[in-house]
Amino acid sequence: MSVVEHVREMASAGLHSNVRLLSGLLLTMSGNNPELFSPSQKYQLLVYHADSLFHDKEYRNAVSKYTMALQQKKALSKTSKVRPSTGNAASTPQSQCLPSEIEVKYKMAECYTMLKQDKDAIAILDGIPSRQRTPKINMMLANLYKKAGQERSSVTSYKEVLRQCPLALDAILGLLSLSVKGAEVASMTINVIQSIPNLDWLSVWIKAYAFVHTGDNTRAINTICSLEKKSLLRDNVDLLGSLADLYFRAGDNKNSILKFEQAQMLDPYLIKGMDVYGYLLAREGRLEDVENLGCRLFNISDQHAEPWVVSGCHSFYSKRYSRALYLGAKAIQLNSNSVQALLLKGAALRNMGRVQEAIIHFREAIRLAPCRLDCYEGLIECYLASNSIREAMVMANNVYKTLGANAQTLTLLATVCLEDPVTQEKAKTLLDKALTQRPDYIKAVVKKAELLSREQKYEDGIALLRNALANQSDCVLHRILGDFLVAVNEYQEAMDQYSIALSLDPNDQKSLEGMQKMEKEESPTDATQEEDVDDMEGSGEEGDLEGSDSEAAQWADQEQWFGMQ
């Protein structure tokens with residue numbers, strides 16, 4: 001057995017560090033004495049050495065060695081053409097065990113994607129003739145084309161994957177995300193469905209995700225629920241995660257949280273979707289739960305975006321925006337396609353007054369998830385923050401036309417209309433339509449209450465809020481009801497509503513302020529003393545917040561901070 005064969009056996013056995021050391025030494029020997037190894041042996045050594053570098057995540061170094069290997073292979077091919085085979089029996093097995101040139105190019109493309117050099121990855125894979133492309137090459141090309149906006153080429157590559165592997169479900173999702181009709185996609189799998197027992201659910205699965213990618217959340221939810229109720233697919237984590245995400249998109253946060261909780265009970269190591277779950281918990285003021293979730297996810301893996309986003313949500317809702325910004329940036333570094341990370345960073349930038357930078361992040365989120373309303377909400381909030389009412393109105397109208405007239409889009413358009421006195425009546429009409437569709441939609445209730453407050457129709461506002469709270473409990477609704485009750489001199493009940501709001505979210509500052517204001521009015525003799533105490537406490541709190549933000553700016557320069565938490 002030759003020394004190169006020993007290297008090959010170690011590579012097959014996964015002894016990467018050993019391969020790296022030995023192949024490095026052998027390549028140096030070959031450089032000092034070109035006659036020591038044959039061209040095919042040198043090609044093998046270069047490939048095995050590059051593979052070991054790839055395993056060590058030294059991607060640039062690996063690319064250089066793969067490039068050298070391909071050059072060596074080209075020279076080897078020319079030599080074999082010039083020198084016909086001598087019929088030596090030993091040459092045949094040696095040529096058979098040479099690493100595949102196509103596999104080398106695929107690994108180079110993997111290196112380029114890890115280095116975020118997608119154009120170079122596409123170029124190297126494009127150089128492989130279509131007939132020689134394996135399913136994994138077509139899958140990588142499809143994803144790269146999609147990311148680069150080359151939709152037609154992406155569709156072609158996804159279809160080629162399905163032609164070779166008709167049960168490649170991720171390729172199916174890729175096609176559906178590129179607006180290929182569900183019926184057309186299903187037709188590509190019909191033969192395998194009919195030939196294999198217990199696969200009748202697949203056509204329904206394709207139908208469900210076709211609804212997902214067209215933004216028809218209601219029909220998607222109903223279809224996935226019908227799948228999930230079938231005994232063979234009951235308690236499937238992926239289906240529960242999809243349901244949770246769809247409820248979130250539909251604005252049904254209660255059911256979304258419920259489905260996320262079911263999914264993580266079934267799979268304690270679940271990471272996918274946990275960024276959205278953490279965001280929902282943070283919005284509800286359950287910051288302790290968010291902190292615990294973040295710690296648990298970091299124990300599972302710190303190489304995914306989700307743990308960083310969850311911790312960023314905790315910081316954001318604790319009003320530590322600089323720290324949230326750093327954590328969001330770290331999540332994007334790990335996964336540039338993380339919509340939730342882009343939204344976190346955009347929101348942090350907006351709240352720090354860096355609106356133009358925030359707009360860039362919200363636009364990128366919209367590009368990645370054109371059916372997610374929260375991406376548009378973030379962008380419209382930026383426009384309103386910078387008094388760009390016209391741009392906000394154009395965007396809100398586009399969303400209304402694109403995603404349809406549902407409670408969410410009606411409320412979003414009404415939110416912009418409320419900013420202009422000329423369109424107040426239109427806002428009222430839109431909110432009434434939204435509440436007719438979904439009387440429990442909290443954002444619509446809040447905006448309608450805001451409108452009634454402006455008109456000083458407090459009794460109507462109280463009736464609206466009581467009706468909304470009849471079947472759900474929400475901190476903001478209880479707090480606004482408290483404000484309305486104060487306006488009609490119902491102080492005791494107002495105090496009760498503020499208390500309920502604070503029990504739901506102890507960090508709700510407005511509820512706390514409302515309660516303190518009432519306490520001062522009830523005890524005017526103590527008002528001066530309480531104001532003095534409040535001033536002292538307020539200055540201390542502001543100092544803490546400022547300190548935390550300055551520290552977070554330093555943390556952004558030294559990643560070691562988080563490992564010390």
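Which residues in helix 21 meet which residues in helix 23? V339, L343 and R350 do so from helix 21, and their partners in helix 23 are D374, C375, G378, E381 and C382, where contact means heavy atoms within 4.5 Å.

## About the model

This is a predicted model, in which local features need pLDDT of at least 70, side-chain atom pairs count only at pLDDT 80 or more, and totals for chains, interfaces and linings use all residues. Residues are numbered from 1 along each chain as its sequence is written, and side-chain values use heavy atoms, with hydrogens and water left out.

## The chain as a whole

Let's start with the overall picture. The protein chain has 33 helices and zero strands; helices (H or I, at least four residues) and strands (E, at least two) are DSSP runs, numbered from the N terminus. Of its 565 residues, 45% count as buried. Buried means under 20% relative accessible area, exposed means over 50%, and partly exposed lies in between (1.4 Å probe, protein chains only).

The chain exposes about 29,200 Å², and carbon and sulfur atoms supply 50% of that area; accessible areas come from the Shrake-Rupley method with a 1.4 Å probe. Take the contacts between residues at least 6 apart in sequence: 52% of them join residues at least 24 apart.

## Helix 21 and helix 23

Now back to the pair from the opening. Two packed helices are described by the angle between their axes and the distance between the axes. Helix 21 (residues 339-351) packs with helix 23 (residues 373-385) at an angle of about 15 degrees, and their axes are 11 Å apart. Axes here are lines fitted to C-alpha atoms, for helices over the stretch in contact, and angles run from 0 to 180 degrees between N-to-C directions. That makes helix 21 roughly parallel to helix 23 (angles under 35 degrees count as roughly parallel, over 145 as roughly antiparallel, 65 to 115 as roughly perpendicular and the rest as oblique).

Helix 21 passes helix 23 in a left-handed crossing, meaning that the near helix is turned anticlockwise from the far one by less than a right angle; clockwise would be right-handed. The residues of this contact divide into four nonpolar, one polar and three charged. For that count, Ala, Val, Leu, Ile, Met, Phe, Trp, Tyr, Cys and Pro are nonpolar, Asp, Glu, Lys and Arg are charged, and the others, Gly among them, are polar.

## Helix 1 and helix 3

Helix 1 (residues 3-12) and helix 3 (residues 39-55) pack at about 30 degrees, with their axes 10 Å apart. They are therefore roughly parallel to each other, and helix 1 passes helix 3 in a left-handed crossing. Helix 1 contributes V4, V7, R8 and A11 to the contact, and helix 3 contributes Q41, Q44, L45 and Y48. Five of the contact residues are nonpolar, two are polar and one is charged.

## Residues worth a look

L465 is found in helix 28 (residues 458-469) and is buried, with a relative accessible area of 0%. Leaving out residues up to four places away in sequence, L465 touches V445, A449, L477, I480, L481 and F484. L465 and L481 are 16 residues apart in sequence and 6.2 Å apart in space, C-alpha to C-alpha.

Most residues other than glycine have a negative phi. S179, although not a glycine, has a positive phi of about 70 degrees; S179 sits in the loop between helix 10 (169-177) and helix 11 (182-187) and is exposed, at 66% relative accessible area. K319 also has a positive phi, near 65 degrees. K319 is in the loop between helix 19 (305-317) and helix 20 (321-334), and counts as partly exposed at 42% relative accessibility.
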